[in-house]
Amino acid sequence: MTNHWVDIKNADVILIMGGNAAEAHPCGFKWVTEAKAHRKARLMVVDPRFTRSAAMADLYAPIRVGSDIAFLGGVINYLISHDKLQMEYIKAHTNAPFIVGEGYSLKDGIFSGYDAEKRKYDPASWGYELDKDGFAKVDPTLENPRCVFQILKQHYARYTPELVSKICGTPVDTFKKVCELAASTATPTRNMTIMYALGWTHHSQGSEIIRTGAILQLLLGNIGVAGGGMNALRGHSNIQGLTDLGLLSTSLPGYLQLPKDSDVKYDDYMTRLTPKPLRPNSTNYWGNYPKFHVSLMKAWYGKAATKENNWAFDYLPRYDSGYDIIKTFDLMYDGKINGYICQGFNPLSSFPDTHKISAALQKLKFLVIIDPLATETSNFWQNHGEHNDVKTEDIKTEVFRLPSTCFAEEEGSLTNSSRWLQWHYKGAEPPGEAKGDPEIIGELFTRIRALYAKEGGVFPEPIRDLTWTYKIPTSPSPEELAQEYNGRALDDIVDPKKKDTILAKKGELLGTFAHLRDDGTTSAGCWVYTGAYTEKGNMMARRDNSDPYGLGQTLNWAFAWPVNRRVLYNRASSDAAGKPWDPKRKLVFWNGEKNVGSDVPDYRPDAAPEEGVGAFILTAEGVARLFAPTGMAEGPLPEHYEPFESPLKVNHLNPGHADAFNNPAARMFKKDRAKLGKPEQFPYAATSYGMTEHFHGWTKHLKGNAIIQPEQFVEVGDELAKEKGIANGDRVKVSSARGHIEAVAVVTKRLRALDCGDTKVHQIGLPNHWGFMGLAKKGFSVNTLSPSVGDANTQTPEYKAFTVNIEKA
Amino acid sequence: MSSLQSLDIKRRSATTLPSTQARETLEVAKLIDVSKCIGCKACQVACSEWNDIRGDIGTNVGVYDNPADLGPKTWTVMRYSEVEEKKGEEMAFEWLIRKDGCMHCAEPGCLKACPSPGAILQYSNGIVDFIEENCIGCGYCVAGCPFNVPRISKQDSKAYKCTLCSDRVAVGLEPACVKTCPTGAITFGSKEDMIDHAAERVVDLKERGYANAGLYNPAGVGGTHVMYVLKHADKPEIYHGLPKDPQISATVGLWKGVMKPLAMLAMGLTALTGFFHYVKVGPNDAEAHPDEPEDGNGPHVIRSSGPGQMEGKGNVNPGEQA
């Protein structure tokens, strides 16, 4: 979240799209009810299904699965064409005035720089026009035809309400009502928040959907303000923590990156990742990349990381490509991966194309499961009739189960959607032989290290030299780990401005990442978390919820990264002169001497407005990017593409251009592509999702949850049900090009047929909570049906939009 | 055994002796704001956790309502209804979600119908409580309830329903469902405060276009200690058959008046017969019916919450049934 849960109470308009907060985040949803009850906030829900969130809404708009960019692009077009823009904000805080180079173009849905063979873009032509000093040229009047504002205007002018309705199936008048309500927040004193979740990320163009939402919010002046923002609702209690700690195949903690194969030398790596400012006075905070990276390497390798060996740079693996879940299981399927450690994950239930996942697991020599529960994956080799029809006698995979603890059986920090690190305590001892994950990893690591010490082996240094100074090496404590990610001064840290002032003494825990150095005198295992565990104690364990400004900021409750900041980009809550847009909801403003307010300023505290520093300190531009010259795989502006399986035969935005039918930069392996369905056989759009009664596949192991939602079902609109002769409660068979499932039909008016041009689109809802393990009635993995294709930037699978057929079982 | 002191007992079933009047306690109420309820069923789970009762893992019968009905081990359930109703000038599709359970009537039909002394109590705070140790399993409370709430267990032939967490309220806590509700849709306090809170909510709902928003606190049963804020208070029946004008059946009234001495005699004979049955045959064995659903839900399954199938169970007139 750019903002935080409590801040939702400050909103005037709430848009829930690509998420279902009432069902998936019921506790957080209370802040929506607060905003409605106490600010007269209006709630809009845009969703393929009339969900329990929609039941709470003032306005509901149906949408076809996978058409969100068309919808949001249409709203952007409405705002620009009706002059519903917070123009002063746009000029001060976005790259609207920046001039894009002449090489940029968009033709028939394909941007400049496309290599059709490799299905990849070279983003060089998307860059700004630079002056002789290397700074981007700007036109403050926004009239230059190549300035971002004009390009944006031209780009989205194509997204007319009629076209939106044709693509999305949303009736034009309903769509216009959404536009009008969103447009009501273009004034400085009205704000809209957007709440989204996996309904936006689970698409072959998920990252671009989110960017479209962000563009919309920037045009309305709704970023960095109370009651505004782009708010990603995270699905697990600590999935934000997972992201922060970089548990992705090409990431390092704190949003740092692993080196690539092409980073031959240390300097190649540092140059690639240390941006130069694109405007004079821009803070360009990522310019500090070397400080964060060197501090990480000092945390990991201590004295073995020296200036001479480039801070142990060669200990890090260099990647040739990402090893996301789709790729990993493709390699496993091909027999190229034969051992797999699966920690806190249930691939057989959670990953697309269940049959492929099962076949891949059967090819492994060994599988290690670290999980508190007996999952579908841990028991993939067991025959459970139609729900897991495998030949046990043919499976040679050796499975090791290492039982781990549940959250209530361990102490430590959880990072929630609000970026708050909240410390929690053990509520019960784990049963039987179950151990906490740090202990399991500690045992594994110390034994592997002993093997290296005894037997040598190729390149033992990265294992041998790893910092492992925990009191009990086989069981690192939560406090020790927290202090490690917080970081320490390895020498006295001197204030560069006042040489006689020591900011942190040697050996002390650091209070802020502003004290990190690139000369090896500081360590930090995850720089964004620095400040969480300081010399003042465990800041994550703080429980003072006093709220002096009445905005719900509660700066003394737990710790929010970065540096206890509650709302990101909060300097944008004031105008260019540092004066709050809304005097009743002040976050950060200029008091004549300093930037102050109800939050920790996301800005240099002493930067006076006339310095023109820019409110978005992380971008090289110093402002927010409506147009992204780098960073996105499929183009600098979001463009609508169809899902890889669509009930439509044509992309109505770019008809007649097959190469722009779906995301031109999304990766799909050949054998997966061969398993894509065609509308003739699989005419119905399908989407999978979770329900409020369950948490993934876990809670079906609990009696209380199994009682309140006991058995697998699929949701079918009454019109399609009538057509197919399906009665409420009948058993139905749902099939895709990859397999089929059977379940009870819930026939409902909540899934209505949509008119998409000349095609009537029926949508089928597939809640995904059941399996062959646990207490609830046995069911099928819904991912039997979903395709192995992911977002072009993140490879997050397209669970939310594919096609199926349905018939009475 | 009663959760509150005998000092707090206002009425007792089948008892002619006057109750204590030395202490006046605050009249309480639970207010369920249907417009804030997201149907998450956390209240259902909290109810089963606190009271330590769990029914069977059932099946899906084509709706979100699970368990499909109230039962001896299911004292509250969410009811879902798909309707088209007027909002402002237009018709709008709505998915109405109502938490169902005992309404704790000021004039409780169950208590009036109950022939067993002290099996049903009403406390001076308004809570109506079943004292199972005194229950003879006759089912008159089921007939006497205009909301179709009590359920007789096939396991032990006792009547069960929501206690409004009388044990929690007795020690100054709110009911478990209130404590757990994530959106503040369920609130608990003095009846007066709840009525005031409801009035504020109604203003908000009217401003949003629900011209008929209002409080459900039906006069036919003397008002209730569980009340609803409804967007369509003029049509409570669209909320899965919430009765528009619940009344205690005339038969119950008659029974309690003229017929009472005769009825008491009949009950006495029944008890006597039961005693001889016990002596001669032995106790009824709950294990003798292993195939019957533990929750006793069988006959109460409602197949759909769709607007076409809204013959609300709550409208059943116990008089006709008897």
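**Which domains does the domain assignment of chain A give?** In this predicted model, chain A is split into domain 1 (6-235), domain 2 (250-273 + 286-317 + 477-539), domain 3 (325-407 + 432-450) and domain 4 (658-808). Take the centres of domain 2 and domain 4 of chain A over their C-alpha atoms, and you get a separation of 45 Å.

**A look into the largest nonpolar core, which has 86 residues.** Phe71(A) and Leu219(A) are the ones with the most contacts inside this core.

**Zooming in on Leu219(A) and its contacts.** Neighbours within four places in sequence are left aside here. That leaves Leu219(A) in contact with Ile76(A), Leu79(A), Ile80(A), Leu85(A), Gln86(A), Ile90(A), Leu152(A) and Leu626(A).

**Another core, of 83 residues, lies apart from the largest one.** Its members include Val6(A) and Ala57(A), along with Met103(B) and Ala185(B).

Strand 3 runs antiparallel to strand 4 of chain B (residues 90-100), and eleven bridges join the two. Look across from Glu82(B) and you'll find Trp95(B), in strand 4 of chain B, standing opposite.

**The turn of the chain B hairpin, with Gly88(B).** Two residues sit between strand 3 and strand 4 of chain B in this hairpin. Gly88(B) takes a positive phi there, near 65°.

Definitions and conventions:
Residues numbered from 1 in each chain as written. Chains lettered and ligands numbered in written order. Predicted model: local features only at pLDDT ≥ 70, side-chain atom pairs only at ≥ 80, totals over all residues. Heavy atoms only, no water. Core = buried A, V, L, I, M, F, W, Y, C linked by side-chain atoms within 4.5 Å. Buried < 20%, exposed > 50% of the residue type's maximum accessible area, 1.4 Å probe, protein only. Contact = heavy atoms within 4.5 Å. Pairing = 2+ DSSP bridges. Helix = DSSP H or I, 4+ residues; strand = E, 2+ residues; numbered from the N terminus. Domains from an automatic or database assignment.
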